Amino acid sequence: MQQAVRDSLKDRSIKDLDKEGQISIQRDVIHEPTLHRAAQGGSRERVFPGNHDYMEGDRIKRPDGGAGAGSKAGQGEGNDDFQFALSREEFLDLFLDDLELPDLAKRRLIGGAVDGIRRAGYSTVGNPSNLSVPRTMQKAMSRRLALRRPKGADLARIEEEIALIEARDPALPDDAVRLEALREERSTVIRRRNLIAYIDPVDLRYRRFETVPKPVAQAVMFCLMDVSGSMTEHMKDLAKRFFALLHLFLSRCYEHVEVVFIHHTDRAAEVDEQTFFYSTVTGGTLVSSALEKLIEVVQERFRPDDWNIYVAQASDGDTMQSDNGRVVSLMQQEILPFSQYFAYLEVGREEFADIETIGTTTGLWQAYAPVSEANRNFVMRKVHHRREIYPVFRELFQRKGVAERSS
């Protein structure tokens with residue numbers, strides 16, 4: 001199933017990677033293994049009923065045509081390939097498994113969009129953890145003032161005056177009347193304070209939250225690829241997988257993602273995806289031509305104040321030494337200032353995947369190395385095999401740069 005998904009990527013557009021679709025699996029690759037006797041070798045004894053031609057110990061001549069007779073042309077029935085309809089999540093799960101993504105990153109790529117949360121005032125019911133003490137106390141004070149709840153100071157004043165009268169010696173003629181009035185007033189104050197609670201359930205206020213869709217953001221993803229004669233089909237396949245993952249990642253951060261394809265030899269051109277990956281154009285290599293074309297397209301259609309600009313470049317690193325100065329100048333002065341992120345992927349031959357390549361750097365890698373050290377939004381990686389593609393995206397996830405800088 002995974003092999004079928006990998007093969008389908010060749011015919012699937014990068015923009016349609018995260019959509020459901022059908023894949024085909026050949027019937028002869030899904031049969032279940034069975035145990036059976038070998039047709040050749042070993043010592044066997046068999047008894048055939050109705051045998052009138054052979055005796056024990058006779059040797060039977062092998063039939064013409066090998067160990068078994070095959071079906072003749074024009075006879076029998078054929079078997080069609082199996083067709084499977086995969087959902088978006090199923091397709092992405094198999095596609096990402098092939099790239100050995102960690103589970104956390106996979107869930108982040110496959111998972112649906114999550115709405116944002118914002119404050120939405122207060123409510124009279126809610127979780128105790130969301131209780132707003134200041135707002136609750138404000139409501140309680142307003143209610144106590146409106147109902148004229150006696151204050152603690154009023155009760156203390158009455159108690160103090162009662163104590164003074166009771167302690168007076170000799171008593172005055174009006175003290176008995178005054179003392180009775182004060183005691184009645186004290187009873188009234190205590191009763192009203194008990195009836196009008198300091199904090200009532202009607203005063204409670206809870207902070208309320210509601211989910212809202214995140215603001216619509218837009219991004220453009222530039223795919224730059226060297227299509228000179230040194231770029232093999234294996235290298236282009238690695239590049240397509242890298243571009244597909246980057247587009248998938250950006251689609252989780254932005255609602256609208258444009259994709260611009262630019263390929264180059266010693267000349268650069270903006271092309272469609274089919275031409276980008278399967279063009280037979282060949283020639284020399286001038287990386288500066290692709291960077292100049294990128295700047296031209298940005299100036300014409302993608303204003304940096306309105307667009308989040310991402311650039312991914314794939315090449316085998318084989319370039320003209322005389323062009324490197326122009327490449328570094330364009331990168332530092334023009335492209336990196338308006339780019340959210342620039343990822344350079346240097347692709348190599350699969351047979352070199354397990355060979356130590358330290359010390360064997362290409363001309364383009366040497367030119368880009370100082371730029372990468374001086375700029376956090378420029379990342380470089382080398383890959384020879386599909387399983388090596390993810391380190392580039394691990395860098396993106398660890399820094400959390402793509403998602404945070406865009407917000």
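Predicted model: local features only at pLDDT ≥ 70, side-chain atom pairs only at ≥ 80, totals over all residues.
**Notebook: salt bridges and a covered strand**

The general idea is friendly enough: side chains of opposite charge can pair when their charged atoms come close.

**Entry: K240 and E273**

I looked up K240 and found its salt-bridge partner to be E273, with 3.9 Å between the closest N and O atoms. The two come from distant parts of the chain, 33 residues apart: K240 sits in helix α7 (residues 233-253), while E273 belongs to helix α8 (residues 273-278). Are these two buried or exposed? K240 has a relative accessibility of 5%, so I noted K240 as buried. E273 is buried too, at 12% relative accessible area. Both values fall under the 20% cut-off for buried.

**Entry: R301 and E270**

Then I turned to R301, whose side chain meets that of E270 in a salt bridge, 3.0 Å from N to O. Which parts of the chain does this pair tie together? R301 is in helix α9 (residues 287-301) and E270 is in strand β7 (residues 268-271), so the contact ties together parts 31 residues apart in sequence. R301 is partly exposed at 41%, and E270 is partly exposed at 35%.

**Entry: E296 and K293**

I stayed with helix α9 for another pair. E296 forms a salt bridge with K293, and their closest N and O atoms are 3.6 Å apart. The two residues are three apart in the helix, which means that about one helical turn separates them. E296 has 33% relative accessibility, so I wrote E296 down as partly exposed.

**Entry: strand β5**

With strand β6 (residues 256-264), β5 pairs in the parallel sense over nine bridges, and V220 stands opposite E258 of β6. With strand β8 (residues 308-315), β5 again pairs in the parallel sense, over seven bridges. There, A219 stands opposite N308 of β8. One thing to keep in mind while looking at the model is that in a regular strand the side chains alternate between the two faces of the sheet.

Methods: Residues numbered from 1 in each chain as written. Heavy atoms only, no water. Salt bridge = Lys/Arg side-chain N within 4 Å of Asp/Glu carboxyl O. Helix = DSSP H or I, 4+ residues; strand = E, 2+ residues; numbered from the N terminus. Buried < 20%, exposed > 50% of the residue type's maximum accessible area, 1.4 Å probe, protein only. Pairing = 2+ DSSP bridges.
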